[in-house]
Structures are given as C-alpha cells and as structure tokens.
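The report below looks at how side chains meet in one protein model, with the cut-offs stated where each term comes up. Please view the sequence and the structure alongside the text.

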Amino acid sequence: MIKKYGILAIGLLVVACVVAWFCFAPSRRHYRADELLPAETLLFLDIPNTTACRQHFAATALGKIWAEPEVQAFLERPLAAIRRASAQKPEARVIGQNVLKMLATAQGEAFLACTDVSISPGLDGAVIAGFDPGENRKGTERALARLIRQCRIEFPDTPVEERKFESVTYQVWSPAKKVKIAFARLGNFFLFSRGEEALQQVILRARDKSKDRLADAPAFAAHRAQNSGADSLIFLNPEPVFERLKPLLELQPALRGQTDSLLPFQSLFGAAA
C-alpha cells in the first residue's frame with residue numbers, strides 16, 4: 001500500500017512540474033511587442049498579424065500594382081544598388097540577407113522599435129526588432145543557427161559569444177568597435193537588437209521584473225485601442241528624442257536659444273493602416 005501511494009505521489013509531482021513549466025517558463029509564454037518595450041519608446045512600427053497583412057495587401061489596388069512584373073523590374077535597379085552598397089560592408093550583408101529570409105517566415109506579429117538615442121560621444125541609438133514565426137518556428141531556429149554559423153566562419157576575428165541573462169540564453173556579435181548585435185529566442189518571438197542592454201531590458205519585462213511598459217503608456221494604449229483592427233501600427237514619441245537632442249540643437253547657430261519654440265512639435269503622433 002505504501003509503495004502504491006509512493007508511486008502515485010511521484011506521478012502527481014511529475015505532472016505538477018510539467019504543468020508549472022508550461023505555465024511559467026518564459027520561453028513558452030506568448031508576448032505582445034508592446035509588453036516588452038519601455039514606456040518611452042521613441043518609435044514603434046508594428047504589424048500585429050503578418051499573415052493577415054500580406055493577404056490584405058495583396059488584395060488592395062496598391063498590392064496588385066506592386067505585384068506587376070513591370071513594377072518589380074523597375075524596383076530591381078535600386079535593389080541592386082542596395083545590394084552593391086551592402087557588399088562593401090560584409091557584416092551588413094550577412095545580417096541583412098539572413099534576417100530578411102527569416103522575416104519572410106513570420107506568421108504572427110512583427111515589429112521594429114527604437115528605444116533610445118544618445119548624442120555623446122557620437123549619435124547612436126538602441127534598436128530592437130522581432131517577429132513571431134508561428135508554425136515556422138523550427139525552420140526559423142535552423143535559419144538563426146545558420147546565421148550564427150556564417151558569422152563565425154566569415155568573421156573569425158569577431159566571434160559570436162553565447163551569454164545568459166535571467167536564465168535566458170542569447171548570442172552577441174560585435175562586428176565593429178562599439179557595435180553589438182544580439183540575437184535571442186524569447187517566448188513566441190525571435191529578437192534582434194543593436195545593443196545588448198536593449199535586449200536585457202526586454203528580458204526583464206518578459207520576467208515581469210520591470211513595470212515600465214509601452215503597453216501601459218496612456219497615449220499609446222489609447223492609440224492602439226482606436227486602431228485595434230489595423231494591419232499595421234506606427235507610433236512616434238518625439239518628446240524624449242527632443243530632450244536628448246536638445247544639447248546638439250543648441251549648438252546650431254540658427255537654433256541657439258530658440259529650441260523651446262519647437263515644443264509644439266513634441267506632441268505624440270500615431271498612425272495606422
């Protein structure tokens with residue numbers, strides 16, 4: 001009898017552990033991008049459902065024009081120029097080509113955000129992008145592994161390092177001085193950031209260790225509610241940008257002492273389609 005109850009207890013413990021893992025493990029949670037970004041995000045471009053957006057766009061007049069062979073032939077020249085320019089910077093070519101291929105597999109939400117900008121010692125910014133591959137997750141994992149492998153092969157002097165923050169494993173690549181590109185899988189998202197700290201802040205929000213979220217910002221929440229059925233969302237928050245760039249603007253002779261006159265342009269802006 002004791003043996004029977006012991007086996008039952010072990011069985012119940014295993015079930016409880018499995019249930020807890022599925023409920024609380026961050027890698028299994030489903031996030032919205034605005035839940036992972038800071039309240040003072042400067043720029044947020046969002047496609048809530050990439051599959052639906054592709055279908056809707058293809059059915060529009062603009063989508064039909066875009067698909068015309070003549071238009072595609074016309075676009076080939078500037079695209080070729082971009083490819084030639086990126087070939088001058090192999091790091092940009094490797095990242096660009098691989099990320100675009102992965103983005104093509106997105107089925108759920110996809111976003112791009114600028115969360116910070118600085119002017120000292122030079123103009124710089126923190127950018128983070130992500131997408132939900134949906135049922136294409138396994139294929140996207142393989143594509144990310146290929147990207148990391150290609151970086152290691154083509155750029156042996158700038159190795160891809162594996163790191164861990166709040167139990168989340170991610171990779172960091174430094175293709176140039178003071179430039180860090182981070183890759184991570186977090187819940188339903190594959191994430192790419194320019195700046196390791198930007199990714200770590202996202203992880204903290206995923207862990208519920210930071211309540212500073214764009215989703216809770218009143219102006220953004222109102223904008224999202226007004227455009228709940230939109231295929232795409234654009235949100236611009238100029239005020240923090242203005243505050244960071246104000247010292248630089250004051251150095252311009254035409255604006256010296258006049259920067260406060262730009263206050264009307266600091267209002268929040270949003271658009272949807």
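## A buried ring pair

Phenylalanine 155 and tryptophan 173 are both buried, where buried stands for under 20% relative accessible area, exposed for over 50% and partly exposed for what lies in between, with a 1.4 Å probe and protein chains only. The model is a predicted one, in which local features need pLDDT of at least 70 and side-chain atom pairs count only at pLDDT 80 or more, while totals for chains, interfaces and linings use all residues. Residues are numbered from 1 along each chain as its sequence is written, and side-chain values use heavy atoms, with hydrogens and water left out.

## Overall make-up

The protein chain contains ten helices and nine strands, which are DSSP runs numbered from the N terminus (helices being H or I with at least four residues, strands E with at least two). Of the 273 residues in the chain, 33% are buried. Among the contacts with a separation of 6 or more, 66% are between residues 24 or more positions apart, a contact being heavy atoms within 4.5 Å.

The accessible surface of the chain amounts to about 16600 Å², and carbon and sulfur atoms hold 62% of this area; such areas come from the Shrake-Rupley method with a 1.4 Å probe, and for residues only the protein chains shown count as cover.

## Aromatic pairs

Eight aromatic pairs are found in a search of the whole structure, under the rule that rings of Phe, Tyr and Trp (its six-membered ring) pair if their centres lie within 6.5 Å, with planes under 30 degrees apart counted as stacked, over 60 as edge-to-face and the rest as tilted. One of them joins phenylalanine 131 and phenylalanine 190, whose ring centres are 5.9 Å apart and whose planes stand at 20 degrees, so this pair is stacked. Because phenylalanine 131 belongs to strand β3 (residues 124–131) and phenylalanine 190 to strand β7 (residues 189–194), the pair ties together parts that are 59 residues apart in sequence. Both phenylalanine 131 and phenylalanine 190 are buried.

The rings of phenylalanine 155 and tryptophan 173 have centres 5.3 Å apart and planes at 40 degrees, so that pair is tilted. It links distant parts of the chain, with phenylalanine 155 in the loop between α7 and β4 (160–165) and tryptophan 173 in strand β5 (residues 168–176), 18 residues apart. Elsewhere, ring pairs connect Phe44, Phe111, Phe189, Phe220 and Phe235 into a cluster.

## Salt bridges

There are ten salt bridges in the structure, each a side-chain nitrogen of Lys or Arg within 4 Å of a carboxyl oxygen of Asp or Glu. One of them joins the side chains of aspartate 208 and arginine 29, at 3.2 Å from N to O. This pair links distant parts of the chain, 179 residues apart, since aspartate 208 sits in the loop between α8 (196–206) and α9 (218–226) and arginine 29 in the loop between α1 (2–24) and α2 (33–36). Aspartate 208 is partly exposed at 41% relative accessibility, and arginine 29 is partly exposed at 28%.

Glutamate 141 and arginine 137 form a salt bridge at 3.4 Å, N to O, and both lie in helix α7 (residues 137–154), four residues apart, or about one turn of the helix. Arginine 205 bridges to aspartate 212 at 3.5 Å, N to O; arginine 205 is buried with a relative accessible area of 5%, whereas aspartate 212 is partly exposed at 35%. A network of salt bridges links Arg32, Asp34, Asp46 and Arg224.

## Asparagine 188

Asparagine 188 has its place in the loop between β6 (179–186) and β7, and with a relative accessible area of 8% it is buried. Its side chain is joined to that of aspartate 132 by a polar contact of 3.3 Å, a term for a pair of N or O atoms within 3.5 Å in which, within protein, one must be able to donate a hydrogen and the other to accept it, residues adjacent in sequence counting only if both atoms are side-chain atoms. Leaving aside residues up to four places away in sequence, asparagine 188 touches Arg29, His30, Tyr31, Phe131, Asp132, Pro133 and Arg137.
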